[in-house]
Amino acid sequence: MACSESGGEEREPTQANAAPRKPRILLAASGSVAAIKFGNLCHSFCEWAEVRAIATKASLHFIDRAALPKDVILYTDDDEWSSWNKIGDSVLHIELRRWADVMVIAPLSANTLAKIAGGLCDNLLTCVVRAWDYNKPLFVAPAMNTLMWKNPFTERHLMSIDELGVSLIPPVKKRLACGDYGNGAMAEPSVIYSTVRLFYESRVQQGGSSVQPAGS
Ligand SMILES: Cc1cc2nc3c(=O)[nH]c(=O)nc-3n(C[C@H](O)[C@H](O)[C@H](O)COP(=O)(O)O)c2cc1C
C-alpha cells in the first residue's frame, strides 16, 4: 500500500530568503452528523491557511460539497485509488501527509476513533493518520451520541491516541441532533479554528516550524 520513501528528507528545504507561506492545514471529516458543519470549518481555516480536505464515505452523507470554499480540494477514497496505477505513481495518503503542516479531524466519529486507536488504516483518512509524522500536530474533535461517548471503549481509545501524540479538542454538552441531551457534540468550528491557530502560531514563535505565521 504505502510506498517506501527513497529520499528520507520530507520537509521542503528551508532557504534563508524563502518567502513566508501560509500554513497548510489538512482538514478531515468522518461520519458524524456534525460533518454538516464541515463547510463552515473549511471557510474558517481558509481565512488563515491553505486548506485541503478529506472525507470518509460515511461523512459524504452530511457534507454539502457545493458549500465548500472553491479552492479547497476534497479528497475521497476514490481519489486514493484513481490516482495510482503503477509503481512510481504518487500515493495520495503519503503526498497529503507530506504536504500538511497540521491535520485536523473534525468531526471524529466513534468508528474512526476506534480505528485510529487500533492502528487500522482501511481508507484515505486512516491511512494518512497511520502514516502521520508526529513531529507535526494532529488534532481531533470527536462528535457522537452521549452514550457512545460514555462507552468504556471511548476512554480506552482516547488514551491510545493520546499516547500517539494526538491532541483532543473535547466535545461539549448540548441537545444532540438525535434528541438526546448530554456530552458528545463537536466543539464549535470557531473553537476548533482558534485552538489550532493559537497552538500553531505559538509553536512558530518558539521556533518549532520553518513556516511563518500568515501576514508576518
Ligand atoms: C444519521 C446518522 C448520524 C450519525 N451520527 C454519528 C455521530 O454523530 N457520531 C458517530 O460517531 N457516528 C455517527 N453515525 C454512525 C457513523 O456514520 C458510522 O459509524 C460510520 O461507519 C462511520 O464511518 P467513518 O468513521 O468511516 O466515517 C451516524 C450514522 C447515521 C446514519
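Guide: A crossing is left-handed if the near helix is turned anticlockwise from the far one by less than a right angle, right-handed if clockwise. This is a predicted model; local features need pLDDT of at least 70, side-chain atom pairs 80 or more, while totals for chains, interfaces and linings use all residues. Residues are numbered from 1 along each chain as its sequence is written.

Visitor: What is the handedness of the crossing of α4 and α7?
Guide: Helices here are DSSP runs (H or I, at least four residues), numbered from the N terminus. α4 spans residues 110–118 and α7 residues 152–164. Their crossing is left-handed.

Visitor: Why are α4 and α7 classed as oblique?
Guide: Their axes (lines fitted to C-alpha atoms over the stretch in contact) are 9 Å apart. The angle, on a 0 to 180 degrees scale between N-to-C directions, is about 50 degrees. Under 35 is roughly parallel, over 145 roughly antiparallel, 65 to 115 roughly perpendicular, so this pair falls in the rest: oblique.

Visitor: Which residues of α7 meet α4?
Guide: Contact means C-beta atoms, placed from the backbone, within 7 Å. α4 brings A110, L113, A114, I116 and A117. By class, the contact has seven nonpolar, three polar and no charged residues. The α7 partners are F153, T154, H157, S160 and I161.

Visitor: Which element gives the most to the shell around the ligand?
Guide: The ligand has 15 residues around it (C-beta within 6 Å), the closest being G31, S32, T56, A58 and S109. Seven in the shell are nonpolar, eight polar and none charged. The top contributor, with three residues, is α4.

Key:
Helices (H or I, at least four residues) and strands (E, at least two) are DSSP runs, numbered from the N terminus. Two residues are in contact if their C-beta atoms, placed from the backbone, lie within 7 Å. Ala, Val, Leu, Ile, Met, Phe, Trp, Tyr, Cys and Pro count as nonpolar, Asp, Glu, Lys and Arg as charged, and the others, Gly among them, as polar.
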